[in-house]
Amino acid sequence: MARTLNSLLARIVLFVLVAHGILLPILYLSLSRGARTGGGEMFVNHVREHTRFIADLIENQDPAMGDEDLVALLDAIVLGPNGVFAELHMPDRLLSSTVLPAEAGRLFKEDFAFGDNDDETYYLTMPVNIGEQTGNLVVGYSEQSALEDIGRAQDELLLALTVYFLAALGLAVAMATAITRPMSALQQASRRVARGEVTTRLSTSSTIEEVIELARDLELMRDQLVQANTRLADEIAERRVLEARLRHSQRIETIGTMAGGIAHEFNNILVPITLYTKVAMEDLPQSSELQVYLGRIHGAAQRARKLVHKILAFSRQLEAEEKQSVDLARTVREAVELFGSLSPANVVIETRIPEEECLVFGDSTMLHQVVLNLCSNALRAIRGSDGRIVVSLDKQWRPSGTGHDGHPAIEVGYARLCVEDNGIGMDAATSERIFEPFFTTREVGEGTGLGLSVVHGIVMGHGGDIMVNSDKGRGTVFTILLPLLPGRDPRDLQPGMAPPDDAGHQA
Amino acid sequence: MTYILIIDDEADVRDALELVLTRAGFDVHAVGNGNEAIEACHDRPPDIVITDMIMPKLDGAQLIRKIKSEHPSTRVIAISGGGNFGVSSYEPNAIKTDAFLAAARAAGADKVLTKPFESEEIVAAVQALIPG
């Protein structure tokens, strides 16, 4: 109820009602009084003129005329318009109209004001000179028709004011509706936006300037809201990706540290196994069947040694000691050539490597290892006869980090190495864990699950980044980014890039 | 006869090395930590020291420096299982397999060997260091 009363429509209607409720009665009363006064004056002037005219006739008549003629004139007054009473008071006689109503004489009052006394008769006395004598002509006129005229005028006035009032009310309602309808349409659209349907455009069909401006401002606000939302969502998504990668890196690092510790213990354990086995084999006669068993133990210990070596290769994160300016193009070309000579005939290896130098700061042996590991991983993913591995290398410029306060981020050059296969691919869960040490999809004994974690370690140790994109059943792309050297001389290194490792040079 | 002093905190490693080198014809004495090794050196300066790098109390690099300063003619072989345990005592930020061996070289070790190794390897390493 309060809401309805507070609505714009109700307010405007209420205002119109109150304003007219005060103004219209005043207007009506003053206009109606004017009509009555004007009507009365008109009536009085008219009857005065008429009486004067009869009085002139009486004065100008032949003195020889008899009283009959005077009575006839009085009758003319009574029979004339509105006449009700006529008498001629002479000093010597009283003449009355013969057509007077019986009670007219009794009714006569000295009443010279229009509309008074409720008798609806207006009396008038006018002096007349007949010969030497002076008399008074006393006439009465009915006020009824004049009063009726005034009443009609007042009725018409009332009707006109009522029509005016209704028209004003109707206009007010129409105006209020014209304002409120587009506003409530805007309001409903705003509500939809608030509920999350942010694509709902806020516009109005109204032609009222203020409503148009309001709609324009709201739309501007919505647009900025949508943009801010989009930016926020993008930033959150970007942050999630970064966080996921950070967690991933941290997990690999933790596992690497653990693996390194375990490897150290294992190496110590392998020492007595290796040495005692050898001693026992030396002591036993060659013909003893224990030689076979001890040989097995010795072989197993050697396999364990190799495995531990791989684990260590991963765990040391390959902080290359031999880092120097390396032409990645040449390293990749050589590695692919070596790999090509070892791979089966059913696989085509395609290279897209630029002729120009692609200098990075790193260890060429390790980078060589990266290419070999990625290629052999690709080869293992390929089933059937038409296998294809594409190794491509190019240079890319990417913003380093995010720009602040609208300043563009610094662009950093990267060498981008992609190894793509059309093999079996993998699902998201596998992609997620692919760089973890000991994670393998192969059968037990087919692989150690260290190849890709070594790749990851080398790339990280070179200040680079590695990404995997895989479609189950369609193939996989590994992308590696390594910071480019600005020039041939490593002293040209930009700040922020990995400095040469001094510790490595003292060895 | 060439006198070899073995230092390793792991009894299994120590005993196995002692056995192999004794059988190879060397005069071998084995101890479990650096302090015992210093005492043993005082008693009888060894021709060759074979020391582990990661040990409690006195670690490999410290031990090598001490022996080299007190007995300059003693040759040292450092052995290490690698990994990154206790690496901070050598190089704060390095996570390298052979950080220990690099530290050993820096401390003056004549030869470094990664664990595990074959008996032939350690015997060959010792023979290579025998003077003359």
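Trainee: Why does L14(A) count as partly exposed?
Mentor: L14(A) has 46% relative accessibility, and since buried means under 20% relative accessible area and exposed over 50%, with partly exposed in between (1.4 Å probe, protein chains only), L14(A) counts as partly exposed. Bear in mind that this is a predicted model, in which local features need pLDDT of at least 70 and side-chain atom pairs count only at pLDDT 80 or more, while totals for chains, interfaces and linings use all residues. Residues are numbered from 1 along each chain as its sequence is written, chains are lettered from A and ligands numbered from 1 in the order in which they are written, and side-chain values use heavy atoms, with hydrogens and water left out.

Trainee: What makes C375(A) buried?
Mentor: Its relative accessibility is 0%, so C375(A) counts as buried, and C358(A), at 1%, counts as buried as well.

Trainee: Why is the contact between E350(A) and R388(A) called a salt bridge?
Mentor: A salt bridge is a side-chain nitrogen of Lys or Arg within 4 Å of a carboxyl oxygen of Asp or Glu, and the closest N and O atoms of E350(A) and R388(A) are 2.5 Å apart. This pair links distant parts of the chain, 38 residues apart.

Trainee: Which residues meet in the salt bridge of 3.5 Å?
Mentor: The side chains of E282(A) and R23(B) do, and this pair crosses between chains.

Note on methods: Helix = DSSP H or I, 4+ residues; strand = E, 2+ residues; numbered from the N terminus.
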